[in-house]
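Please open the structure in a viewer and keep the selection tool at hand.

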Amino acid sequence: MMNSDQFEGKWKQIKGQAKQKWGELTDDEINQIDGKREDLVGKVQERYGIAKEEAEKQVAQFESSCHC
């Protein structure tokens with residue numbers, strides 16, 4: 001898993017992949033996240049109506065599988 005600095009630093013590279021994975025997130029939401037891992041978790045949780053633990057799990061899986 002990347003630390004928050006790594007995640008934020010690579011956000012420009014991986015935000016397209018995040019948009020593909022969580023297609024219900026709007027472009028504005030993706031831009032607002034701006035590489036902040038906790039913001040991504042919160043937006044995924046909110047948009048998909050899932051528990052924080054599930055959103056954390058999805059983001060962790062994304063981090064381990066993204067091409068970054």
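In which helix do Phe7 and Trp11 both lie, and how many residues apart are they? Select the two residues: they belong to helix H1 and are four residues apart, about one turn of the helix. Please bear in mind throughout that this is a predicted model.

**The aromatic pair**

Remain with this selection. Phe7 is buried, and Trp11 is buried as well. The structure holds two aromatic pairs by the rule applied here. In the pair formed by Phe7 and Trp11, the ring centres are 5.7 Å apart and the planes stand at 40°, so the pair counts as tilted.

Now centre the view on Leu40. Leaving aside residues up to four places away in sequence, Leu40 touches Phe7, Trp11, Trp22, Leu25, Ile33 and Val59.

**Where H3 meets H4**

Two packed helices are described by the angle between their axes and the distance between the axes. Select H3 and H4 together. Their axes come within 9 Å and cross at roughly 125°. This angle makes H3 oblique to H4. The crossing in which H3 passes H4 is right-handed. To display the contact, select Arg37, Glu38, Leu40, Val41, Val44 and Gln45 on H3, and Lys52, Ala55, Glu56, Gln58, Val59, Ala60 and Glu63 on H4.

**Gln58**

Is Gln58 buried or exposed? Its relative accessibility is 16%, and buried means under 20%, so Gln58 counts as buried. Apart from residues up to four places away in sequence, Gln58 touches Lys21, Trp22, Val44 and Ile50.

**Lys12**

Finally, return to helix H1 and select Lys12, which is found there. With a relative accessible area of 74%, Lys12 is exposed.

Definitions and conventions:
Residues are numbered from 1 along each chain as its sequence is written. This is a predicted model: local features need pLDDT of at least 70, side-chain atom pairs count only at pLDDT 80 or more; totals for chains, interfaces and linings use all residues. Side-chain values use heavy atoms; hydrogens and water are left out. Contact means heavy atoms within 4.5 Å. Rings of Phe, Tyr and Trp (its six-membered ring) pair if their centres lie within 6.5 Å; planes under 30 degrees apart count as stacked, over 60 as edge-to-face and the rest as tilted. Buried means under 20% relative accessible area, exposed over 50%, partly exposed in between (1.4 Å probe, protein chains only). Axes are lines fitted to C-alpha atoms, for helices over the stretch in contact, and angles run from 0 to 180 degrees between N-to-C directions. Angles under 35 degrees count as roughly parallel, over 145 as roughly antiparallel, 65 to 115 as roughly perpendicular and the rest as oblique. A crossing is left-handed if the near helix is turned anticlockwise from the far one by less than a right angle, and right-handed if clockwise.
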